[in-house]
Amino acid sequence: MNPYQLASRAADELRYMSGVSSYDVAVVLGSGWREGAEALGEPTSEVSTSSLTGFVAPTVAGHEGHILSLNVAGRNVALVAGRVHLYEGNSASQVVHPVRTVIAAGAKKIVLTNACGGIDPTKGPGTVVVIRDHVNLTATSPMEGASPPEGYGSRFVDLTDLYSARLRALVRDAAPQLSDGVYAGFRGPHYETPAEVAMARTMGATLVGMSTVLEAIAARHLGAEVLGLSLVSNLAAGVSSGPLNHLEVLEAGQAAASGLGALLAQLVPLL
Ligand code: 8IG
């Protein structure tokens, strides 16, 4: 089966198991965002991704993958918890399969959230940044491989308006305190060297992370509008004085969680 058939089958399973005939919006929850997402309301169903075709299990201990369904202000919303990454040993196709699935299940608007490192010292831990554009440093693409089947767009996807200007304008009106930034997507899972952070800064990036870029490309290819929201969890290597500590990074996410939930609850009804 090609990746599109795989996503279409998973979408049928998701619709059947959730009882939601079609989604409007999907939110992929990055670390830190998952806890806050409770602010969106009580899910009407929870489907384990282990019961859906083509999904690989997250390798993060205690974090099974789930897709939660909710109705928020009349919109059918899918919350994807348990994102998978290249650094877990997954292919680009596996990384984007959840996004292809929720789009095949109807979602035309995709919110990609993440926790990341910040390059701008004035935007430290706890800052939320709207992704304006990205630099894909993963050296791969979800479009690699066989040409998409009949009925799908060309693999030579135009990424001029990858992070939807329309959705960014909506966010700017609703939450004018948020700044925007350029996300450099690395493979990880090691953090960058200070020289790599300097390279990313020279390339125009203001954020560094290990997710989001492949999902954004796959979503755009399928015609969805993409909104990217980053939580700065730490200043990138060499920007701050000390070394990076994974526990501190996680704690910064926890501390910001309630604010992230409130932000999602404010934005989702506008999409
Ligand atoms: I949280 O400093 C988090 N994720 N690449 N660099 C990269 N990913 C991250 C970082 C960081 N912090």
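In the predicted model, a nitrogen atom of the ligand is placed 3.4 Å from a polar backbone atom of Gly117, a polar contact in the sense of two N or O atoms within 3.5 Å. Within protein, such a pair also needs one atom able to donate a hydrogen and the other able to accept it, and residues adjacent in sequence count only if both atoms are side-chain atoms. A polar side-chain atom of Glu192 lies 2.4 Å from a nitrogen atom of the ligand. For Asn234, the corresponding separation is 2.6 Å. Taken alone, the ligand exposes 320 Å², of which the protein buries 94% (Shrake-Rupley areas, 1.4 Å probe; for residues, only the protein chains shown count as cover). The residues around the ligand, with a heavy atom within 4 Å of it, include Ala115, Cys116, Tyr191, Val208, Met210, Ser233 and Leu244.

Residues are numbered from 1 along each chain as its sequence is written. As the model is predicted, local features need pLDDT of at least 70 and side-chain atom pairs pLDDT 80 or more, while totals for chains, interfaces and linings use all residues; side-chain values use heavy atoms, without hydrogens or water.

Helix H3 covers residues 92-104 (helices are DSSP runs of H or I, at least four residues; strands are runs of E, at least two; both are numbered from the N terminus). Because 10 of its 13 residues are buried, H3 is largely enclosed by the rest of the structure (buried, under 20% relative accessible area; exposed, over 50%; partly exposed in between; 1.4 Å probe, protein chains only). Partners of these buried residues include helix H1 (3-18), strand S1 (25-29) and helix H6 (213-221). Gly106 follows H3, with a positive phi near 115°.

Glu215 belongs to helix H6. Glu215 is buried, at 4% relative accessible area. Its contacts (heavy atoms within 4.5 Å) include Val95, Val96 and Val99. A polar atom of the Glu215 side chain lies 3.0 Å from the backbone nitrogen of Thr212.

Val25 sits in strand S1. Its relative accessibility is 1%, so Val25 counts as buried. Beyond four places in sequence, Val25 contacts residues including Val77, Val111 and Leu271.

Terms used:
The expected span of a helix is 1.5 Å times one less than its number of residues.
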